[in-house]
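Reader: Hi! Could you walk me through this structure in simple words?
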Amino acid sequence: MIPLTFLLSTAPVLTSALDFSAPSDSSQQQNPSLVTRGEGFIRSPLNVLPNQAPPKLIKGRQNEVAIENQFTGTRYGVEIEVGTPGQKLTLILDTGSPDTWVNPTCDTANVPDDCRTFPVYDWRKSSSLNATRATDILVYGKGNATIQYVRESVKLGGATVRNQVIGVALESHDIPLGILGLSPPIRGVNEYPYILDTMKDQKLINSRAFSMDLRTVDSPEGALIFGGVDTGKYIGSLAKLPMLDRNQTPRGADRYYVTMTGVGLTYPDGLVERSQELEVPVFLDSGGTLSRLPRPIYQAFASSFADTQYDPSTGFYFLDCDVADLDGSIDFYFGNKVINVPFNDFIWHVQGYCVLGVLPDDDGEPVLGDTFLRAAYVVFDQDNRNLHLAQAANCGSNIVAISTGADAVPSVTGRCTAPPPRPTSGNNNLDVTAERGPTATFTGVGPTGIDIGPGPVATRVSGTGPLGINPTGQSGAGSVKLGWWGAAVAALVMGLMM
C-alpha cells in the first residue's frame, strides 16, 4: 500500500478570439497559428492567454473544439457562440445527457459566485432566434433545469449549426453552467434533433461521431473533434467496443455503455495487481467529475493505499498528499485493451485535499467519469454504436476524417509511442468481490462550495409553458414549428425517462 499525492498548477486559459478563415488552397503550406482546413474537417488552433477569472475554454467538420480542465479537474467545458451576432458562452461538456441548454440560474447554483463569472445568452440581441412553446424539466444526477426550447445558430469552432434546437433555462438548481449534451437519446428515440443530428444533416460532419481528449491535469488543454480522429493524441490501436443495447444496461437507459472486464493497479515498484475477470457495464460520462463503481471495487482501490481516511458524509476517501508524482496507475481492462490512469490523474486535488477519484455506485449505473477519461482517447460513434478506446498521449496533431458506413471510424494507429517498459511482476490478487470497511475515518472539515458535475440526465417531463420568451411578436424572429420533432418534445407523452 502506498500514499498518493495530487499536485496541480493553475491552468492556462484559452480564448476563442480566433480567425476562422483559411486560404482556399489547403495544400499550400500555412502558418500554424492560422486556422487550417482539410477535406472534411476544420481545425482551430488554441491561444493560451492569462486569465483573471475562473478558467474558461474553447475551440472547432471534423470540428475541433478545445476543452479546458476547469477548477483542477472538477469539470470540462467548451466555448461556443449562440445567436446572431454570436454570443460567447461556456458550457459543460457532457456525454451523459443529450440536451444542450444555456443560462443557468446563478442564485440557485451550487457555486453561485462561480456561475456569475460566466457570460449569459441574451436572446433579445439575436436576430436568428426562433422561440417555441415547448418546455422540459431535465433532472440530472445532481441538479435540474426547466428549459424552453428555441431554434438558434450555434457556432462550435469553425462551423455554424443553423436552426439548432437548444434550451434556454427558465430556472435551474445546483448547476453553475449550461450543458453541451452529446449522449444518445436516453430512451432510444430522439425527442428532437440533437446537435450531432443537425451537424450531420447539414453536412458539417459525415457521421454522428466525435472524438474526445480531455488531457491530463498537468496539461489541461484538450480537444473535442466532431467528425474526426487525431492520431497525434493516442498510443497504439483504437480498440472497438460495442455499445450495450438498452436491454443490457443496468437501468434500461441508452448511454455510452461498454463492458469493463477487469481493474487493477500498477505500483511504483513495478508490481501489477489485477482483479479476476469481470463483466461490469460502465458508461463514459464527461459530465461526472469522479467515477462511480460497484462498492467492492471502490473499496478495493481505497484499501490499496496507506493512510486513507473515509468520510461517511460524502463517501470520499482522503489520501495523504505528502508524496507527489509517483510512477503508478489505476488500470482498467476492456478485453485486450488496458487504459492506465496515472495516479496524479485519478486523484482529485481540491482545496488542499487529495481525494481518491471514485465513489461507490449505489444507484445501479456504474460510471467512468473524468478521473478515467483524462487518460483515455475516446471516439464515440453513435451511428454504428461503437466506442473506440486508446491510451491518451500527445505527440502533435494529425486529424483524420471519420467517413460513413460500418467502418466509418478509421483503423489508424496512433502516432505516439509508449514509454520504455519498466520491469514489472504481476498477479491476480486484487479481490474486488469482498466488501471492506475503512481503516480510518476522516474527522476534519472537507472541501466546501465545490462543483463535481451534474452527472447523467435521469428524467424528463415535457410540456408547454409557462414561457420565458414569447414565441410571437419578436423582433427579427417569429414563432416556429418544430414539426414531428417538436411534437415529440411538446407532447406530454415523455413522462419519466427511467
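Predicted model: local features only at pLDDT ≥ 70, side-chain atom pairs only at ≥ 80, totals over all residues.

Reader: Thanks! Which residues does the UniProt annotation "active site" cover?

Author: In the UniProt record, an unreviewed entry, that annotation covers Asp-94 and Asp-285. UniProt positions are given in the numbering used here, feature names are shortened, and annotations may be inferred rather than shown by experiment.

Reader: Why do they gather at one spot?

Author: They span 192 residues in sequence, but no two of their C-alpha atoms are more than 6.6 Å apart, so they gather at one spot.

Reader: And where do Asp-94 and Asp-285 lie?

Author: Asp-94 is in strand β7 (residues 87–94), while Asp-285 lies in the loop between β20 (280–284) and β21 (291–293). Strands (E, at least two residues) and helices (H or I, at least four) are DSSP runs, numbered from the N terminus.

Reader: Is Asp-94 buried or exposed?

Author: Asp-94 is buried, at a relative accessible area of 0%, and Asp-285 is buried too, at 1%. Buried means under 20% relative accessible area, exposed over 50%, and partly exposed in between (1.4 Å probe, protein chains only).

Reader: New topic: how many aromatic pairs are there?

Author: The structure holds 21. One of them is Tyr-256 with Phe-380, which is edge-to-face, at 4.7 Å centre to centre and 65° between the planes. Rings of Phe, Tyr and Trp (its six-membered ring) pair if their centres lie within 6.5 Å; planes under 30 degrees apart count as stacked, over 60 as edge-to-face and the rest as tilted.

Reader: What parts of the chain does that pair link?

Author: Distant ones: Tyr-256 is in the loop between β16 (234–242) and β17 (257–260), Phe-380 is in strand β30 (residues 376–381), and they are 124 residues apart. Tyr-256 is buried at 0% relative accessibility, and Phe-380 is buried at 0% as well.

Reader: Which residues do ring pairs link into a cluster?

Author: That cluster is made of Phe-301, Phe-332, Phe-334, Phe-346 and Phe-372.

Reader: Last one: what is the strand order in the open sheet?

Author: Its 5 strands run in the order β25-β24-β18-β19-β34, with mixed pairing. Two strands pair if DSSP finds at least two bridges between them. The edge strands, β25 (337–342) and β34 (425–427), each pair on one side only.

Methods:
Residues numbered from 1 in each chain as written. Heavy atoms only, no water.
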